[in-house]
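Please look over the sequence and the model shown here before reading the report that follows. The report then takes up selected features of the model in turn.

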Amino acid sequence: MTELRKRGGGGGDPDSAENITDKRADGDDRLGLPADAEEECDVDSKIDTPDVPLSTADMDNTPECLTKALEGLPPRWKNYWIRGVLSIAMILGFFLIIYMGPISLIFLVMFVQITCFHEIITIGYRVYHSYELPWFRTLSWYFLVCVNYFFYGETLADYFGALVQREEPLQFLARYHRFISFALYLAGFCMFVLSLVKKHYRLQFYMFAWTHVTLLIVVTQSHLVIQNLFEGMIWFIVPISIVICNDIGAYLFGFFFGRTPLIKLSPKKTWEGFIGGFFFTVAFGFLLAHFMSQFQYFVCPVEFNSDTNRFTVECEPSDLFVMHEYMLPAGLQNISSWKTVTLYPFTVHSVFLSSFASLIGPFGGFFASGFKRAFKIKDFASTIPGHGGIMDRFDCQYLMATFTHVYIGSFVRGPNPGKVLQQLLMLQPEQQLSIFHTLYSQLRERGLLPPAAQAE
């Protein structure tokens, strides 16, 4: 920031110089940027930390019945029981939504996305609102609608091709989807430019960037969660479950055995909890993957049946969910009496997913902790007693969702005939005939057609 001030102060643009010189009018005092600082600011100093007003995140909204039941306990054990009871309630609710099917899981992802976006934007709004500048919250929600329209429109074209082909209005929207999405974004961009107020430009651009980074973190990655779901509910449930398991395992190991601090950003995190959570998560992920691989309901890709207008999860399980025999390494053969083991290939993938959730996933939580420390808040909100806001529970989930999506694309997913067929059905009849004749010629030259077909 010092470098920017020096450059701005010596520039030739009088309007720019005026705005950079008038530090207080430009909002630097509210955002913790000292007016006369010429040296590099200490990121942990009080001066560099925005002054966020008191929010509901700082209030205790624990149900009264639970508070009375735990009244005599020490604060540490009271918090332990509150977190435990609410964790069990959330897990049971998650099981219920899984039972209700894929469409319920999609709505759950949308609810979590909107709530997380609201929590992050609210923190910025409490700083921004004190200036009474126009349109920040309105534009933030407008951009959320635009980005969701783009992503869900892409999903509609990819997975609901038959439905799009059948409905004429949807054909128009699908054909010009990206242009419409870009036009909607441009409208919001122009509204932002028109909302700029002299002597507050810098603050307004801070908040414009705030909104876009929030969209990148929350909306983009929640879209990847839904993409994982369409690969099969097992790719949705297992990654989410192992992150929850790691969170619980690290908390329990840290609560009972924690002695050595892990990272300054999260003083309560310990090495004992981190290491114990790793082994606990790998074991849990392996067992959960083995159990779920046995059920067609979990392993089949989620597809839309245009005849019944419903989602279906019926298929012949791929090789990933068929038992295979694996030869054990020589070292393990000497220790045990086994030379081979029979496993689902997906359980092997679950070890890599669990390792990422345990070793890298927590850095999503550390990132969120650093964000909260920067704004002097304990939690993003107080939606869940003992846990904070929804974003406090899903800070690691978004990172895990991105890794899962990349992992599927890199090591698991092959060509999808269903998607190719949907694309073919959306072509013009003459284009479909051209592709048919080309494919027919290729198959005949390679000798893949039966004799009767070749005779024709």
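## Cysteines and the disulfide

Cys-245 counts as buried, because its relative accessibility is 5%, where buried means under 20% relative accessible area, exposed means over 50%, and partly exposed covers what lies in between, with a 1.4 Å probe and protein chains only. This is a predicted model, in which local features need pLDDT of at least 70 and side-chain atom pairs count only at pLDDT 80 or more, while totals for chains, interfaces and linings use all residues. Residues are numbered from 1 along each chain as its sequence is written, and side-chain values use heavy atoms, with hydrogens and water left out.

Cys-190, with a relative accessible area of 43%, is partly exposed. A search of the whole structure for disulfides, defined as pairs of cysteine sulfur atoms within 2.5 Å, finds 1. The disulfide joins Cys-300 and Cys-315, whose sulfur atoms are 2.0 Å apart. Because the torsion about the S-S bond of Cys-300 and Cys-315 is about -90 degrees, the disulfide is left-handed. Cys-300 lies in the loop between helix H13 (296–299) and strand S3 (303–305), and Cys-315 in the loop between strand S4 (310–312) and strand S5 (324–327), so the pair ties together parts that are 15 residues apart in sequence. Helices (H or I, at least four residues) and strands (E, at least two) are DSSP runs, numbered from the N terminus. Cys-300 is buried at a relative accessible area of 0%, whereas Cys-315, at 25%, is partly exposed.

## Strands S5 and S6

Strands S5 and S6 pair in the antiparallel sense over 4 bridges, a pairing being counted if DSSP finds at least two bridges between two strands. Within this pairing, His-324 has Leu-343 in S6 as its bridge partner. In a regular strand the side chains alternate between the two faces of the sheet. Strand S6 (residues 340–343) has a covered face, made up of Val-341 and Leu-343, and an uncovered face with Thr-340 and Thr-342.

## Aromatic pairs

Rings of Phe, Tyr and Trp (its six-membered ring) pair if their centres lie within 6.5 Å, and planes under 30 degrees apart count as stacked, over 60 as edge-to-face and the rest as tilted. By this rule the count comes to 28 aromatic pairs. One of them is formed by Tyr-142 and Phe-143, and with ring centres 6.1 Å apart and planes at 65 degrees the pair is edge-to-face. Another pair, Phe-172 with Tyr-176, is tilted, at 5.1 Å centre to centre and 55 degrees between the planes.

| Residue | Relative accessible area | Class |
|---|---|---|
| Tyr-142 | 23% | partly exposed |
| Phe-143 | 2% | buried |
| Phe-172 | 48% | partly exposed |
| Tyr-176 | 35% | partly exposed |

Most residues other than glycine have a negative phi. Lys-199, however, has a positive phi near 75 degrees, and its place is in the loop between helix H9 (177–194) and helix H10 (201–230). With a relative accessibility of 33%, Lys-199 counts as partly exposed. Lys-376 likewise has a positive phi, near 55 degrees, and lies in the loop between helix H16 (362–374) and helix H17 (390–412). The relative accessible area of Lys-376 is 49%, so this residue is partly exposed.

Lys-378 is also placed in the loop between H16 and H17, and is exposed, with a relative accessible area of 64%. Although Lys-378 and Asp-392 are 14 residues apart along the chain, their C-alpha atoms are separated by 9.9 Å. Lys-372 lies in helix H16 and is buried, at a relative accessible area of 12%. Not counting residues up to four places away in sequence, Lys-372 touches Ile-377, Lys-378, Asp-379, Phe-380 and Asp-392, a contact meaning heavy atoms within 4.5 Å.

## Confidence of the model

The predictor's confidence in each residue is given as pLDDT, from 0 to 100. The chain has a mean pLDDT of 80, and 80% of its residues reach 70 or more. Over residues 1–49 the pLDDT stays under 50, and for this stretch the model has 69 contacts beyond four places in sequence. The pLDDT is also below 50 over residues 53–57, a stretch with 7 contacts in the model beyond near neighbours in sequence.
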